[in-house]
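Subject: Structure handover

Hello,

Please find the structure below, with the sequence. My notes on it come after.

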Amino acid sequence: MSCVHYKFSSKLNYDTVTFDGLHITLSDLKRQIMGREKLKAADCDLQITNAQTKEEYTDDGALIPKNSSVIIRRIPIGGVKTTSKTYVIDRTEPSSGSSKAIDDSATSITLAQLSKVYDLFLFLFCLLFLINVAHV
């Protein structure tokens with residue numbers, strides 16, 4: 001009987017999956033881990049990385065040798081989804097908690113634009129300082 005030791009990245013201790021043969025395919029390892037951990041394939045996928053070499057196994061047909069140790073990370077199906085909406089809570093209304101959705105593309109500011117605004121602010125601040133010094 002052969003085995004692969006696995007642990008989730010957030011855990012301290014390894015668990016073991018047993019199988020027959022010299023290696024196990026990535027898809028079989030995922031299936032066994034999901035069964036043992038009571039995870040549903042529809043909810044998430046597993047990212048599996050060799051604990052010693054840090055090699056990430058991505059091909060479902062990849063062969064993982066017996067006695068290997070792997071690190072598991074749960075990832076959402078389809079990867080991480082981003083939203084194009086930002087919610088701003090209006091604090092002027094008394095505890096109503098109302099929020100308004102605004103489009104990020106209309107309100108986003110690049111680092112270069114922010115740098116220009118900061119430079120302008122510094123220039124105006126120095127100008128006002130010099131005017132005040134000149135009047136003293």
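The notes below go through the core, the strands and the aromatic rings.

This is a predicted model, in which local features need pLDDT of at least 70 and side-chain atom pairs count only at pLDDT 80 or more, while totals for chains, interfaces and linings use all residues. Residues are numbered from 1 along each chain as its sequence is written, and side-chain values use heavy atoms, with hydrogens and water left out.

Core

The largest nonpolar core has 19 residues. A nonpolar core here is a set of buried Ala, Val, Leu, Ile, Met, Phe, Trp, Tyr and Cys residues joined through side-chain atoms within 4.5 Å. Buried means under 20% relative accessible area, exposed means over 50%, and partly exposed is in between (1.4 Å probe, protein chains only). Those with the most contacts inside the core are Leu 29, Ile 33, Leu 46, Ile 48, Ile 64, Val 70 and Ile 72. Two or more residues come from each of strand 1 (2–8), strand 2 (15–19), helix 1 (26–36), strand 4 (44–50) and strand 7 (69–76). Helix 1 gives the most, with 4 residues. Helices (H or I, at least four residues) and strands (E, at least two) are DSSP runs, numbered from the N terminus. In soluble globular proteins, nonpolar side chains tend to be buried together.

What does Val 70 touch, leaving aside its neighbours within four places in sequence? Its contacts (heavy atoms within 4.5 Å) are Val 4, His 5, Tyr 6, Lys 7, Tyr 14, Leu 29, Ile 48, Thr 49, Asn 50, Ala 51, Tyr 57 and Ile 64.

Strands

Two strands pair if DSSP finds at least two bridges between them. Strand 1 pairs with strand 2 in the antiparallel sense over 5 bridges, and a hairpin of 6 residues joins the two. One of the bridges links Ser 2 to Phe 19 in strand 2. Strand 1 also runs parallel to strand 7, with 4 bridges between them; here Lys 7 has Ile 71 as its bridge partner.

The hairpin of strand 4 and strand 5 has 5 residues between the strands, and Lys 54 in it takes a positive phi near 65°.

Aromatic rings

There are 2 aromatic pairs. Rings of Phe, Tyr and Trp (its six-membered ring) pair if their centres lie within 6.5 Å; planes under 30 degrees apart count as stacked, over 60 as edge-to-face and the rest as tilted. Tyr 6 and Phe 8 are edge-to-face, at 6.5 Å centre to centre with 80° between the planes. Phe 121 and Phe 125 are stacked, because their centres are 6.4 Å apart and their planes are at 25°. Tyr 6 and Phe 8 are buried, whereas Phe 121 and Phe 125 are both exposed. Phe 121 and Phe 125 are 4 residues apart in helix 3 (residues 111–135), so about one helical turn separates them.

Two charges sit over rings, meaning that NZ of Lys or CZ of Arg is within 6 Å of the ring centre and within 35 degrees of the ring normal. Lys 7 lies over the face of Tyr 14, 6.0 Å from the ring centre. The charged end of Arg 74 is over the ring of Phe 8, at 5.9 Å from its centre.

Regards
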